[in-house]
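Please read the following explanation with the sequence and the structure side by side. It leads from the whole chain to individual residues.

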Amino acid sequence: MKNTGTKLTLAKAANKTRLIIMWIITICSALMTIGGVATFNTQNIFGSLVVILGFGAIAFFGITKIIKLRTQKAALKNYTGYIARLSNDPPKSLSRLATPFNLSTDTVVKHINALIKLGLIQNAYVENDRLILPERNLYEKAPETVYVTMKCACCGANTTVPEGKSNTCEYCGSPLTK
Ligand SMILES: [Zn+2]
């Protein structure tokens, strides 16, 4: 398993490359659309419409992709800060997480979902503005086990785990060692 530092670096590089490619595609398609309108040929209405609608659709798709990639970019930028704060907030409230970043809860929910999709937060999902980590919840249902808090060497999150068992970080999945 790749460690989180590597994963984060790779995800940031992939995001940057995709954004550049999508900007080029979108700008070219927008120019082709404008060109199609400017050179509209009344002798060939069907052909002209195919050019305008075809490139217009690609430009529109490009814009929606760019919006998603920019959300992903902001999520990646805040990743370390999000994990540090979430690991110190047992209810894992995303509305509380939004405040220090000056963001709306909706935006933070989008960011966290983007990070889950990228595999940077593992075995998790968002429910009612809270980050739910199912494995952790399972541990909490077994009261006879002794728990220890360990700091992840990869992402710095504190994870509470049953003592004496080999475990992985609840955020990034890296193995935890003493
Ligand atoms: Zn970790």
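This is a predicted model: local features need pLDDT of at least 70, side-chain atom pairs count only at pLDDT 80 or more; totals for chains, interfaces and linings use all residues.

Residues are numbered from 1 along each chain as its sequence is written.

The chain is divided into domain 1 (4-133) and domain 2 (139-176), with bounds that come from an automatic or database domain assignment. Taken over C-alpha atoms, the centres of the two domains are separated by 31 Å. To their contact, domain 1 gives 10 residues and domain 2 gives 10 residues; two residues are in contact if their C-beta atoms, placed from the backbone, lie within 7 Å.

On the side of domain 1 that touches domain 2, α1 (4-38) and α2 (45-86) each supply at least two residues. Helices (H or I, at least four residues) and strands (E, at least two) are DSSP runs, numbered from the N terminus.

N102 has a positive phi near 55° and is placed in the loop between α3 (94-98) and α4 (105-117). N102 is exposed because 7 other C-beta atoms lie within 10 Å. D129 also has a positive phi, of about 65°, and belongs to the loop between β1 (125-127) and β2 (130-132). With 18 other C-beta atoms within 10 Å, D129 is partly exposed. A residue is buried if 20 or more other C-beta atoms, placed from the backbone, lie within 10 Å of its own, exposed if 12 or fewer, and partly exposed in between.
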